[in-house]
Amino acid sequence: MAEKTNPAYPMAPSNGYTRSDGESQLSADELKRKKKIKLAIYITIFVVFQIIVITTMSLTVMKVKTPRFRLGNINIQSFESVQATPSFDTKFTTQIKIKNSANWGSYKFNAANITFQYQGATLAVIDVAKGKAGWLSTIKRNVEVSLNSTALTNSNLGSDLSSGVLTLNSVGRLNGKVAIMFIMKKKKAANMNCTIAFDVAAKTLKSLQCK
């Protein structure tokens, strides 16, 4: 006797609902749309982050500021003055300071000089050798200065000595380039303009102001 066979029927889903091909395609399209939205969000976040980083670097690291060129502490070794002549003679040590502490790059400068003056008349000239100030740093060079009134004519030196305060000036200009992270170089000139006041009676330094 031939065995009876029952026809095979596909099993119905447990919820009693069969997904059509159209619905499957719709679900796939929805997933692709969500992926595209996520990708667009990630790209936007990345672009905004890059803009913030670039802006921050432009305002800080990549911003080049002019180094400062100044005199440092002055230590008087001798100071002599004669009001009747009038005349003066002084020797002191000081520091030449090149401050590059505001730049994220080294400052390479050329040789220069500093002129010491009394009311515009030159008393002495000090040479400044070329060099380099590292990034975020200051270099100091010790120098000895000798000044006297020998070259002065028709000045108000007698009045200044009698007033008890002798005022001198030091001026100079340093030319160089600031190199930022080996990417860019920018020319920067640092100027010195210092006013030195001596107390004639006490033979001491009264004040040192640089701008």
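**Secondary structure.** I began with the elements and counted two helices and 11 strands in the protein chain, where helices (H or I, at least four residues) and strands (E, at least two) are DSSP runs numbered from the N terminus. Read along the sequence, the order I noted is α-β-β-β-β-β-β-β-β-α-β-β-β. This is a predicted model, in which local features need pLDDT of at least 70 and side-chain atom pairs count only at pLDDT 80 or more, while totals for chains, interfaces and linings use all residues. Residues are numbered from 1 along each chain as its sequence is written, and side-chain values use heavy atoms, with hydrogens and water left out.

**Burial.** I then looked up how much of the chain is covered, and found that 27% of the 211 residues count as buried; buried means under 20% relative accessible area, exposed over 50%, and partly exposed in between, with a 1.4 Å probe and protein chains only.

**Around Phe-79.** I stayed in strand E2 to look up Phe-79, which is buried with a relative accessible area of 3%. The C-alpha atoms of Phe-79 and Ala-201 are separated by 9.8 Å, although these residues are 122 apart along the chain.

**Aromatic rings.** I listed five aromatic pairs in the structure; rings of Phe, Tyr and Trp (its six-membered ring) pair if their centres lie within 6.5 Å, and planes under 30 degrees apart count as stacked, over 60 as edge-to-face and the rest as tilted. One of these pairs is Phe-92 with Phe-116, edge-to-face at 6.2 Å centre to centre and 70° between the planes. That pair links distant parts of the chain, with Phe-92 in strand E3 (residues 87-99) and Phe-116 in strand E5 (residues 112-118), 24 residues apart. Phe-92 counts as buried at 0% relative accessibility, and Phe-116 likewise counts as buried at 2%. For Tyr-107 and Phe-109, I noted ring centres 6.0 Å apart and planes at 35°, so this pair is tilted; both residues are buried. I also recorded one aromatic cluster formed by Phe-79, Phe-92, Phe-116 and Phe-198.

**Surface patches.** Which residues form the positive surface patch? I found Lys-108, Lys-130, Lys-132, Lys-177, Lys-185 and Lys-187. Patches are made of residues with over 30% relative accessible area and no salt bridge, with like charges joined within 9 Å and nonpolar side chains (Val, Leu, Ile, Met, Phe, Trp, Tyr) within 5 Å. Lys and Arg count as positive and Asp and Glu as negative, while His and the chain ends are not counted; the place of a charge is taken as NZ of Lys, CZ of Arg, CG of Asp or CD of Glu.

The nonpolar patch I looked up is formed by Ile-37, Ile-41, Tyr-42 and Ile-45, with about 410 Å² of accessible area together; accessible areas come from the Shrake-Rupley method with a 1.4 Å probe, and for residues only the protein chains shown count as cover. Tyr-42 lies in helix H1 (residues 21-59) and counts as exposed at 55% relative accessibility.

**Backbone.** Most residues other than glycine have a negative phi, and most peptide bonds are trans. I therefore noted the exceptions against that background. The peptide bond from Thr-85 to Pro-86 is cis, with omega near -15°, and Pro-86 has its place in the loop between E2 and E3. Leu-136 has a positive phi near 55° and is found in the loop between E7 and strand E8 (138-148); at 37% relative accessibility it counts as partly exposed. Asn-154 has a positive phi of about 50° and is found in the loop between E8 and helix H2 (157-163), where I found Asn-154 exposed with a relative accessible area of 84%.

Notes:
A salt bridge is a side-chain nitrogen of Lys or Arg within 4 Å of a carboxyl oxygen of Asp or Glu.
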